[in-house]
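Here are my notes on the model, point by point. Please read them with the structure open.

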2 protein chains.
Amino acid sequence: MNIDLDNYLNTTMNPLDPEEFRRQGHMIVDFLADYYKNVEKYPVRSQVEPGYLRKRLPELAPDEPETIETILKDVQKDIIPGLTHWQSPNFFGYFPSSGSVAGFIGEVLSSGFNVVGFNWIASPAATELESIVMDWFGKMLNLPISFLFSGGGGGVLQGTTCEAILCTLTAARDQMLDKIGRENMGKLVVYGSDQTHSALQKAAKIAGINPLNFRSLLTTKSTAFGLSPVSLRSAIQSDVKFGLIPLFFCATIGTTSSNAIDPLGPLCDVAKDYNIWVHIDAAYAGSAFICPEFRHFLDGIEGANSFSLNAHKWFFTTLDCCCLWVKEPSALIKSLSTDSEYLKNKASDSNQVVDYKDWQIALSRRFRAMKLWLVLRSYGVSNLRNFIRGHVKMAKHFEGLIAMDKRFEVMVPRNFAMVCFRVSLLMVGNATQKLLGEGDANEFNKKLLESINATGRVYMTHAVVGGVYVIRLAVGATLTDYCHVNKAWKEIQEHAHPMQNEFLRQHEAFLAGPQINEFKLSTRFPCP
Amino acid sequence: MNIDLDNYLNTTMNPLDPEEFRRQGHMIVDFLADYYKNVEKYPVRSQVEPGYLRKRLPELAPDEPETIETILKDVQKDIIPGLTHWQSPNFFGYFPSSGSVAGFIGEVLSSGFNVVGFNWIASPAATELESIVMDWFGKMLNLPISFLFSGGGGGVLQGTTCEAILCTLTAARDQMLDKIGRENMGKLVVYGSDQTHSALQKAAKIAGINPLNFRSLLTTKSTAFGLSPVSLRSAIQSDVKFGLIPLFFCATIGTTSSNAIDPLGPLCDVAKDYNIWVHIDAAYAGSAFICPEFRHFLDGIEGANSFSLNAHKWFFTTLDCCCLWVKEPSALIKSLSTDSEYLKNKASDSNQVVDYKDWQIALSRRFRAMKLWLVLRSYGVSNLRNFIRGHVKMAKHFEGLIAMDKRFEVMVPRNFAMVCFRVSLLMVGNATQKLLGEGDANEFNKKLLESINATGRVYMTHAVVGGVYVIRLAVGATLTDYCHVNKAWKEIQEHAHPMQNEFLRQHEAFLAGPQINEFKLSTRFPCP
């Protein structure tokens, strides 16, 4: 007899008491609703110094419980000042992390159910809803049927593009090694452009591709930083000549630095000649393809093997939610499946169901389909198109403001809702073109951006494209409206103006050139 | 001039309107509170058939918006029947996914803030809180200081153990290849036992380890399925003899099948002799080590390089939340860092901050520390210990019930809150010992489990340990109390009894043996 009755029911606290859940749940909803109401008042980029939090928090976890009221006070006092507010309407950095009520509600539902849907039986709804919304979304994007379940392909929700690339690269690698023998692993080559996201290089490294066999092919301004099919073919030919084996190419639609676009059709044609797996990374821009006017950027996708976009970037779906479609799920499954006895079940044995654990790196997986379903249903396709178009129009508007001020220049053609610009020191006089190198301009714009971001009133980030430092203004935070774009522009001008004057004083020789334009901010859309 | 004023403000819907957020937020909290109140009424394991949902949902996403009221009705009608209810008090399958109010609130807060904390500046609080709670938790577990930030190590939150293992394995691989040259990649060997989670094999495969160099070392009942250091040494020696290079060993405390325990101290000693990276996977059992009476299982951890546990399993922290501590963060960083210009910033350049993107596979990352912080503060260390102990006591109680019924046997020693048992066909008579093989017993118990799970009243899963099919009852769902354990036991008996009688009828010859025991369910803890 081994029944231990001591302390039976002595743990009086029920950590999942429905009424306590209700009480705290309502409190947190109000807390967050107030946060959104006030988010514009907080400095967009956190103003804290490294190590600020360790000074404020105790050395050890508390031994005794603390109330939610106390904790929320601390969130307000200690955490919120340390946040960079991605939901602020004045957030224009990186790519957006576009939240929405529907995305939030979906996330909360799946957190509440807290199921672990590694295989079908562990929660059939999690798996089936995922397959269904991935087909819905695929149809909205007008993907070739070969990427949909109905056409033999299929979609899966991953956390991030990095994971999507790692999974497809692993599948491609194993498929190839099956043919050519594992001893040739060291000969496999992975291709991207110098604009491709670092996720590719990282995935290649993790997958054991020899770092010497990672090709980051040069792009230039002449192709707006899209990869030239000629470059790809020539790199491949050179590798083949040296006995290497081309494996995987990642094309990007809407690169992180400048939203550059790789021409899919011609690039897929090259890849096809060498039997290379093509993955299309449209992490940011992919959401725009639900609008017919942007869909042409995907033309040529028929020649690719896999395609991914991040719904958590520009599709109002809370982080994390990367949508990956593949033509050949069996390639993923062959590479990533495991056959643990403790997960065996009738449904899986019957081969009638999808077990998404075999489509991803991890075993456990959250019920991410819920939030995508909520977003699609709560807004509907028409509104989602309008939201996207609204952001693109605001970016166009910003581009127009820049065009009115000759001190600034747009550095690469705008394709979506991001504008890459800089203060053009070359504009102040012809003489400068000889005397000032790009280095000066880069340094100037870097200082300018830092000075703007330090105010906390607006947040943008930067990139270097073709050696040129550019400031990126990415419209897409859900709360952003025209007034915020105007405010950003005003900040930019107000910081650039004195800095530019100071610069000109330091380079008096150039003052012989034409005078700089006057401050020309449009005030047609004032902030309320 | 490029300002497009058409349709300015024609998008009247604000997808992040604070008052709509408040309205829907409160609605969802009530929906989930009611779900918890009623969760016991739903069949634990979903009863739907493959493909059920596609029949119920439309072929396409809606063009126009639908109200949250409509959507929630559909969640109730179409989604909930397709859930396997991990939060049900009658859920005893796999390992628990132990939700809590605090874990939920923390998850909701981070979903609300929706920051993308890839590096420090992208949200300093996300990074700093993570480092702090990982030190808190590390101290609660009495980890050697070398695993804490204060001792030169550090902790990071990953999604899952699979990711934690892949990251550490990649770090170990690259560290080794730096020494021995990349051309030796094909010689690297990874070790685990035949009880190690399939995550190791999968990670090894993804990381490009030759599948022929993956060692799944035999364990036996004699060591309670813990790996013998002699086996490890002998496998290593054999590999070395054949010119292979030992790389990585994953020890497990609390295996998935049977909660077996690898003896850390002696195993780490062996690994040290060959300079092998040791990772300790305590995905499930790790949480118990905050109780001094369980901490001894971690003795010997000083000799390991990394250690992980899943707070989303048995630490009341919503999925996903894997805690990984490493002694040498620099090894992770060296392998996993990327150096994208667009992420450069002063704080990172200063080397004063942690950039967690370099500690994981993905770039983007959620603010997972929030929920762990909420759990630690809302309950306090004392209560958390009590919760864990409560589950262990309930498992002990169940073990006691089994001991009272001679028709059943516990198949491996219980270490934590999981009991592996089966109906013992050998008990019905000596004659059977000659005539019935383990195959019959396995088949019988498999049928028994399927029959129990099909009722939807209780859910358990199985494993095969040492060739024996065992039923696993894992206590840990947050709402589980003694009455639910008793109810499970009653279900088990009520299904086993007629099945056993039927079996005996089919094998009449054995009836000569001693009579089976009478039904002996304790009714001391009836469900309310």
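1. A salt bridge here is a side-chain nitrogen of Lys or Arg within 4 Å of a carboxyl oxygen of Asp or Glu. Arg389(B) and Glu293(B) meet that rule, with their closest N and O atoms 2.6 Å apart. The pair links distant parts of the chain: Arg389(B) sits in helix α14 of chain B and Glu293(B) in helix α10 (residues 292–295), 96 residues apart. Arg389(B) is partly exposed at 26% relative accessible area. Glu293(B) is partly exposed too, at 38%. Keep in mind that this is a predicted model.

2. Over all chains, the rule gives 65 salt bridges. One of them joins Asp178(B) to Lys334(B), with the closest N and O atoms 3.0 Å apart. Asp178(B) lies in helix α6 (residues 161–180) and Lys334(B) in helix α12 (residues 329–336) of chain B, so the pair ties together parts 156 residues apart in sequence. Both residues are exposed.

3. Arg366(B) and Asp320(B) also form a salt bridge, at 3.2 Å from N to O. Arg366(B) is in the loop between α13 and α14 of chain B, and Asp320(B) is in the loop between α11 (311–314) and β7 (322–326), so this pair ties together parts 46 residues apart in sequence. Are its members buried or exposed? Arg366(B) counts as buried because its relative accessibility is 7%, under the 20% limit. Asp320(B) counts as buried at 6%.

4. Asp358(B) lies in the loop between α13 (346–349) and α14 (369–403) of chain B. Asp358(B) is buried, at 10% relative accessibility. Its side chain makes a polar contact with the side chain of Lys357(B), at 2.9 Å.

5. Now the interface. The buried area is about 16,000 Å², with 65% from carbon and sulfur atoms. On the chain A side, Phe21(A), Tyr342(A) and Arg377(A) lose the most area to chain B, together 5% of what that side buries.

6. Twelve salt bridges run between chain A and chain B. One is Arg54(A) with Asp135(B), at 3.2 Å between the closest N and O atoms.

7. The largest nonpolar core has 397 residues. Phe289(A), Phe307(A) and Phe289(B) have the most contacts inside it. Phe289(A) touches Phe307(A) directly, and its other partners include Met140(A), Ile253(A) and Phe416(A).

Note on methods
Residues numbered from 1 in each chain as written. Chains lettered and ligands numbered in written order. Predicted model: local features only at pLDDT ≥ 70, side-chain atom pairs only at ≥ 80, totals over all residues. Heavy atoms only, no water. Buried area = accessible area lost by both parts, 1.4 Å probe. Core = buried A, V, L, I, M, F, W, Y, C linked by side-chain atoms within 4.5 Å. Buried < 20%, exposed > 50% of the residue type's maximum accessible area, 1.4 Å probe, protein only. Contact = heavy atoms within 4.5 Å. Helix = DSSP H or I, 4+ residues; strand = E, 2+ residues; numbered from the N terminus. Polar contact = N/O pair within 3.5 Å; in protein donor to acceptor, adjacent residues only side chain to side chain. Lists of a residue's contacts leave out its neighbours within four places in sequence.
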